[in-house]
Amino acid sequence: RKHSEGLEDALNPGFALPLTDADDACPAHVRSTSLPNATLNLVLAVLGAGQLTLPYAMGQLGLALGITCLLIFTLFSMHSLKTLTLYELHFAPSNCLETYAELVIRVLGTPGRAICNALLVMYAWGGAVAFLVILKGESEFLWCNYYDCHHHPEQWHVTILGSDVVAGSGQVILLLLALFVLWPLSSLQDLCFMKRFSWLGCAAALIITGATCWTSGVAPGSMGRLLEVMRNDLAAPLAQTSALKVAASLPLLSFSLNSSWAFIPILCTLKERTQGYTNGLICGSNLLIFVNYLLLCMFGYCLVDDPQNIKPNILENLGRGRDVGDGGLVLFAKASLCLQLTLALPLRFFVARKTLLGDAGGCARALVALALVSSATLLALPEISLALVLGLTSSVCASMIIYILPAIIDLKLQLPGFWRKVVSLLSFLLGCYILVAGVYANIVGAAVGS
């Protein structure tokens, strides 16, 4: 693919670009990837920092309702992928359309291009704000852990160049990263060389799941408590939730399950695009993703005594309250996440800049990149809820990408399949609910800290 055609790949939490069986993985080659590799690519594209909010969403919904919604959303995501497969093969049976946007534009014309460009900018920039919020908190924890601030309060004040760094270390680190890393990289003409780091998002996600399961599982009586919590929650699944909490939390599930945007370029690389192989790609990848999320949700839900106290970033619970912050696995998970986000953020700003500006000259690139990086950084510096940022971003973008646009494509083109169209109609209605109710619920402050 041309580099400009691959911009939308960066909208995935792990920013995974398709790996192929060919020697050259950039650009991806049509029909060059086996089913196991394509499945891995799709998993790599989905797993990432977006999963950090899932235990929080379970705490707001209740475990029984939350897992039910997670399963339903996974099934609707699979339906969207199936619909995209149908129309990808309809338009290009012998070759392929290489991007999600290309398929939307083929069906909706000029309005489709405007919609996709708007979604690119909103999803890339909004996701960057959320990632900066995470990076600020985790970098401050690692800095304080290095100086042993939690156990020796007298060491909280470390003076560097006349400034008190530790007290606001997260903000200081964020500003330094924005100035010396994010802005310069976001101003470059081409970031293709950073594709080699795309696997870090999935690796960090698996480490986070492992750290959560281990931390929750090794506590005294934890497995018995897990079973007891599940029994109690199943007995009264709606006792601790409300309509606003449901509306504010569901977009977080959508954000973590967004495989639709990455699916088209990955499908394009699949060697055998028969019904059996495409179904295997959809079912296999979503099964792996669902199992990872299910483990994270169950063990994260039982990590604290009161699920209502689960933080929007589950790593905040891992580092506090049970004296496990110094544990090697937890620290490794936090450090891995910080590294992955530092490498993923320039790609998101690059996508937003490229969409707004195209292939403009160096000075214009630097100015637009500066505006994008500085605005996102300034928004992330004060105390702002991660659930609020991701909730608003996902309410608008994930609802359109996963549910609304695939349903419109299906209902507009009218290929045979009555029950598929029924499910597409339900998917459209679900997307509209997440879009309207999710934005409203997050704005009125249903998310913690908003």
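Mentor: Take Y123, and begin with the charge beside its ring: R348 lies over the face of Y123, at 5.8 Å from the ring centre. Keep in mind that this is a predicted model.

Next comes the ring-to-ring contact. A pair of aromatic rings is described by the distance of the centres and the angle of the planes. The structure holds four aromatic pairs, and one of them joins F73 and Y403, with centres 6.0 Å apart and planes at 75°, an edge-to-face arrangement. F73 belongs to helix α3 (residues 63-91) and Y403 to helix α15 (residues 386-413), so this pair ties together parts that are 330 residues apart in sequence. F73 is buried, at 3% relative accessible area, and Y403 is buried as well, at 0%.

Now back to Y123. Its ring pairs with that of F255, also edge-to-face, at 5.5 Å centre to centre and 85° between the planes. Y123 sits in helix α5 (residues 110-146) and F255 in helix α9 (residues 243-256), so the pair ties together parts that are 132 residues apart in sequence. Is Y123 buried or exposed? Its relative accessibility is 0%, and buried means under 20%, so Y123 counts as buried. F255 is buried too, with a relative accessible area of 0%.

To sum up the part you asked about: Y123 has R348 over its face and F255 as an edge-to-face partner. A charge over a ring also occurs at F141, where the charged end of K334 sits 4.2 Å from the ring centre.

Methods:
Residues are numbered from 1 along each chain as its sequence is written. This is a predicted model: local features need pLDDT of at least 70, side-chain atom pairs count only at pLDDT 80 or more; totals for chains, interfaces and linings use all residues. Side-chain values use heavy atoms; hydrogens and water are left out. Rings of Phe, Tyr and Trp (its six-membered ring) pair if their centres lie within 6.5 Å; planes under 30 degrees apart count as stacked, over 60 as edge-to-face and the rest as tilted. Helices (H or I, at least four residues) and strands (E, at least two) are DSSP runs, numbered from the N terminus. Buried means under 20% relative accessible area, exposed over 50%, partly exposed in between (1.4 Å probe, protein chains only). A charge sits over a ring if NZ of Lys or CZ of Arg is within 6 Å of the ring centre and within 35 degrees of the ring normal.
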